[in-house]
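Trainee: Could we go through the side-chain contacts of this model together, with the geometric criteria stated as we go?

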Amino acid sequence: MKILILDTETTGIDPETDEVIEVGAILYHVDAQVRLASVSTLLYCDSNPAEAVNHIPATATQDGAGAFAADAIALINDMANMADAATAYNAAFDKPFLQKIGIDPTTWFCSKDDIIWPRSTRQGANLVVTALDHGIPILSAHRALADCGLLADLFSRLENPVQVVEQAISRQQSPMATAIALVGYDNRHEAKSAGFHWNGSAKQWEKNCRLCDTDSLSFLPFSVEILPC
């Protein structure tokens, strides 16, 4: 079994108005737990409001660094055709950006929402925290290929990687839902420890989950409201 690990760096969080400025991909052999091929490229942008996060100055994309972008995207699509599925850590974010630049694998799963990483101290944590929980050193982050590498290293920590990936793919048939933690200020730490994040706009602790996983939420030390997406 092979999967295509994908990641993007962007100028913002809205695929309608923001742009992809870097894409990275690793073709990963799940059975052997090894990387088969990798590629990354910068893409041209006029400006990068997210430079403080991804450390990619717009001038770098304008000075020939993105000259091979079309070839790199074509190669990534070739890798996608060889893979049984594509994945990203928080696929809901990366997928629409990738579609925008012409990368659109047929089968997807989310490495954040569809896999329970065995050593995670907090399920649903960001990629860096999850990698550190599994003893993976962080040499670089918030660059596309570096983050793909962290995810590849996580898959290499799994004892039954094929089974885990097969289960993650099958879970795509279950629709997404939003779980809302019914906690007060004094026990907000319980929601955070369970992988919920604070939504400042809605003033609530919430996390995305599959409807097939909602039964497990009944074991939490607080009540949860489930809202289908």
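The conversation below takes up aromatic pairs and then salt bridges.

Mentor: Keep in mind that this is a predicted model, in which local features need pLDDT of at least 70, side-chain atom pairs count only at pLDDT 80 or more, and totals for chains, interfaces and linings use all residues. Residues are numbered from 1 along each chain as its sequence is written, and side-chain values use heavy atoms, with hydrogens and water left out.

Trainee: How are the rings of Tyr28 and Phe155 arranged: stacked, edge-to-face or tilted?

Mentor: Rings of Phe, Tyr and Trp (its six-membered ring) pair if their centres lie within 6.5 Å, and planes under 30 degrees apart count as stacked, over 60 as edge-to-face and the rest as tilted. The centres of the Tyr28 and Phe155 rings are 5.9 Å apart with their planes at 40 degrees, so this pair is tilted.

Trainee: How many residues apart are Tyr28 and Phe155 in the chain?

Mentor: Helices (H or I, at least four residues) and strands (E, at least two) are DSSP runs, numbered from the N terminus. Tyr28 belongs to strand β2 (residues 20-29) and Phe155 to helix α6 (residues 144-155), and this pair links distant parts of the chain, the separation being 127 residues.

Trainee: Is Phe155 buried or exposed?

Mentor: Buried means under 20% relative accessible area, exposed over 50%, and partly exposed in between (1.4 Å probe, protein chains only). Phe155 has 0% relative accessibility, so the class that applies is buried.

Trainee: Which residues do ring pairs link into a cluster with Phe155?

Mentor: Phe155 also forms an edge-to-face pair with Trp117, at 5.3 Å centre to centre and 75 degrees between the planes. Both of these residues are buried. The cluster linked by ring pairs contains, besides Phe155, the residues Tyr28, Phe109 and Trp117.

Trainee: Turning to charged groups, how far apart are N and O in the salt bridge of Glu22 and Arg143?

Mentor: A salt bridge is a side-chain nitrogen of Lys or Arg within 4 Å of a carboxyl oxygen of Asp or Glu. Glu22 counts as buried at 5% relative accessibility, whereas Arg143 counts as partly exposed at 30%. Between their side chains, the N to O distance is 2.7 Å.

Trainee: Which residues are linked with Arg171 in a network of salt bridges?

Mentor: Arg171 forms a salt bridge with Asp114, the closest N and O atoms being 2.6 Å apart, and another with Asp213, where the corresponding distance is 1.8 Å. The network that includes Arg171 also links Asp114, Arg210 and Asp213.
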